[in-house]
Amino acid sequence: MDSDPMQPSAAQPSWARRVNNSETAQRLPDGDAELMLQVRDGDEACFTQLLERHRNAVIHFLYRMVLNQAVAEELAQEVFLRVYRFRSNYEPTAKFTTWLFRIATHLGLNWIRDGRHEKGQESLDERTDGASRQVHDRSRTVEQELVYQAKLREVRQAIENLPSKQRAAVMMHKYEELGYAEIADVLRCSESAVKSLLFRAYESLRMRLAHLA
Amino acid sequence: MGCSLKKSVAEELIVAYAARTLSADLEADFERHLETCAGCRELVAQQRAVWSLLDEWHPLPVSPDFDHQLARRVARAGQSPWWHRRFGRWGWRPLIPVAAACTVLLFAFLLKEDDHAVAPGPGSQPQVRIEQQVEHALDDMDMLKQIGVDVSSAKPGPARKI
């Protein structure tokens with residue numbers, strides 16, 4: 001009988017350590033920080049480059065946080081404005097994206113905290129003109145489209161029901177592909193706290209979305 | 001048969017396996033574990049389902065004038081007065097404790113001033129002494145008149161003890 005590969009052996013480190021090492025190896029050098037240093041020195045073109053690199057990621061992250069495209073864009077403008085305003089004090093002590101997502105998360109969490117009571121019955125992912133509805137895929141039949149939209153509503157509802165910090169952690173992990181350490185930096189908590197947040201969030205999502213699988 | 005993994009390690013492996021972020025050798029080992037662990041197999045299936053549902057949630061297109069709006073705001077930020085550029089980012093909220101502290105200090109100062117007005121301070125004591133001395137002098141003169149001494153013609157001499 002084969003031994004269980006999950007059991008650590010003398011020649012092999014424990015699984016927990018191997019998973020952590022695997023995560024650490026994925027970190028990449030930070031070219032954004034160099035651009036930001038040039039922005040600090042007065043090079044406005046580098047700010048435009050940073051905006052082009054990260055604009056969509058920040059807006060999409062905020063959209064999935066606040067579930068409202070107009071608010072997400074407004075908050076994203078504030079994020080980049082703060083980056084610009086703080087340029088003279090910038091020190092590359094952390095990855096640029098960590099700093100960027102820390103600002104975005106801070107603004108997103110504040111908006112959720114301050115605006116939650118105003119949401120009422122209204123579905124937040126709808127603009128008044130309906131333009132924010134998920135882009136229609138012409139390859140789907142009307143029936144398929146209806147099923148798809150219903151499924152998305154449930155996904156959004158499941159996300160909306162997560163506590164805001166869990167939601168932020170899932171968005172960064174799933175869509176921005178940040179590692180545990182970087183999410184911990186963004187949320188200013190320990191790596192183990194991030195893992196705990198993520199695993200509880202995924203557990204909730206598995207339970208809420210099980211019927212759609 | 002129960003899972004041989006600690007719950008936290010299993011959770012981490014399941015999430016990473018569904019996200020396909022495990023290294024090749026780790027993934028192969030975990031797949032061998034899955035062959036013998038029905039519980040982890042079930043959780044992996046559920047996690048993959050969640051993962052693909054989340055994949056279907058596509059972001060919306062960004063407004064075409066996003067960059068222009070931002071450029072306008074950046075230009076405005078560059079034109080704002082120096083004090084706003086320096087302190088404006090903190091907003092008005094930090095001013096609340098400062099204002100509260102100033103109010104408390106002002107009240108304390110005013111109360112102290114009132115105390116000075118009610119109780120005579122050290123500066124007003126000489127005035128009170130002079131008035132008392134004048135009263136004593138007048139009393140002395142009355143007493144001398146009563147015993148027949150002509151006060152107006154009396155020559156100044158050394159002070160007498162009464």
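Which helices of chain A and chain B cover the buried residues of H3(B)? In this predicted model, the cover includes H6, H7 and H9 of chain A together with H1 and H2 of chain B.

**Helix H3 of chain B**

- The buried residues of H3(B) are Cys40(B), Val44(B), Gln47(B), Ala49(B), Val50(B), Trp51(B), Leu53(B) and Leu54(B).
- An α-helix has 3.6 residues a turn, so residues three or four places apart point the same way.

**Helix H6 of chain A**

- H6(A) runs over residues 142-160, and its 19 residues should span 27 Å at 1.5 Å a residue; the distance between its end C-alpha atoms is 27 Å, which agrees.
- Buried in H6(A) are Glu145(A), Tyr148(A), Gln149(A), Leu152(A), Val155(A), Arg156(A), Ala158(A) and Ile159(A).

- Chain B contains seven helices and zero strands, and its pattern along the sequence reads α-α-α-α-α-α-α.
- Of the 162 residues in chain B, 23% are buried.
- Among contacts in chain B with a separation of 6 or more, 42% join residues 24 or more positions apart.
- Helix H1 (residues 7-18) and helix H2 (residues 24-36) of chain B pack with their axes 11 Å apart, at an angle of about 115°.
- H1(B) and H2(B) are therefore roughly perpendicular to each other, and H1(B) passes H2(B) in a left-handed crossing.
- On the H1(B) side, the contact is made by Leu13(B), Ile14(B) and Tyr17(B), which meet Leu26(B), Glu27(B), Phe30(B), Glu31(B) and Leu34(B) of H2(B).
- The residues of this contact between H1(B) and H2(B) comprise six nonpolar, no polar and two charged.

**Chain A: the H2-H3 pair**

- Helix H2 (residues 31-40) of chain A packs on H3(A) at an angle of about 145°, the axes lying 8 Å apart.
- H2(A) and H3(A) form a left-handed crossing.
- From H2(A), the residues Gly31(A), Asp32(A), Leu35(A), Met36(A), Gln38(A) and Val39(A) meet Cys46(A), Phe47(A), Gln49(A), Leu50(A), Arg53(A) and His54(A) of H3(A).
- This contact of H2(A) with H3(A) has six nonpolar, four polar and two charged residues.

**Chain A: the H7-H9 pair**

- H7(A) and H9(A) have axes 9 Å apart and pack at an angle of about 90°; they are therefore roughly perpendicular to each other.
- Lys165(A), Gln166(A), Ala169(A), Val170(A), His173(A) and Lys174(A) of H7(A) meet Leu197(A), Leu198(A), Arg200(A), Ala201(A), Tyr202(A) and Leu205(A) of H9(A).
- Seven nonpolar, two polar and three charged residues make up this contact of H7(A) with H9(A).

**Individual residues**

- Gln166(A), in helix H7 of chain A, has a relative accessible area of 7%, under the 20% limit, and is therefore buried.
- Leaving aside residues up to four places away in sequence, Gln166(A) touches Leu197(A), Arg200(A) and Ala201(A).
- His54(A), in helix H3 of chain A, counts as buried because its relative accessibility is 9%.
- Beyond residues up to four places away in sequence, His54(A) touches Asp32(A), Phe80(A), Phe96(A), Thr97(A) and Leu100(A).
- Arg20(B) sits in the loop between H1 and H2 of chain B, and its relative accessibility of 59% is over the 50% limit, so Arg20(B) counts as exposed.
- Arg20(B) and Arg48(B) are separated by 28 residues in sequence and by 10.0 Å in space, C-alpha to C-alpha.

Conventions. Residues numbered from 1 in each chain as written. Chains lettered and ligands numbered in written order. Predicted model: local features only at pLDDT ≥ 70, side-chain atom pairs only at ≥ 80, totals over all residues. Heavy atoms only, no water. Helix = DSSP H or I, 4+ residues; strand = E, 2+ residues; numbered from the N terminus. Expected span 1.5 Å × (residues − 1). Buried < 20%, exposed > 50% of the residue type's maximum accessible area, 1.4 Å probe, protein only. Axes fitted to C-alpha atoms, helices over the stretch in contact; angles between N-to-C directions. Parallel < 35°, antiparallel > 145°, perpendicular 65-115°, else oblique. Left-handed = near helix turned anticlockwise from the far one by under 90°. Contact = heavy atoms within 4.5 Å. Nonpolar A, V, L, I, M, F, W, Y, C, P; charged D, E, K, R; others polar.
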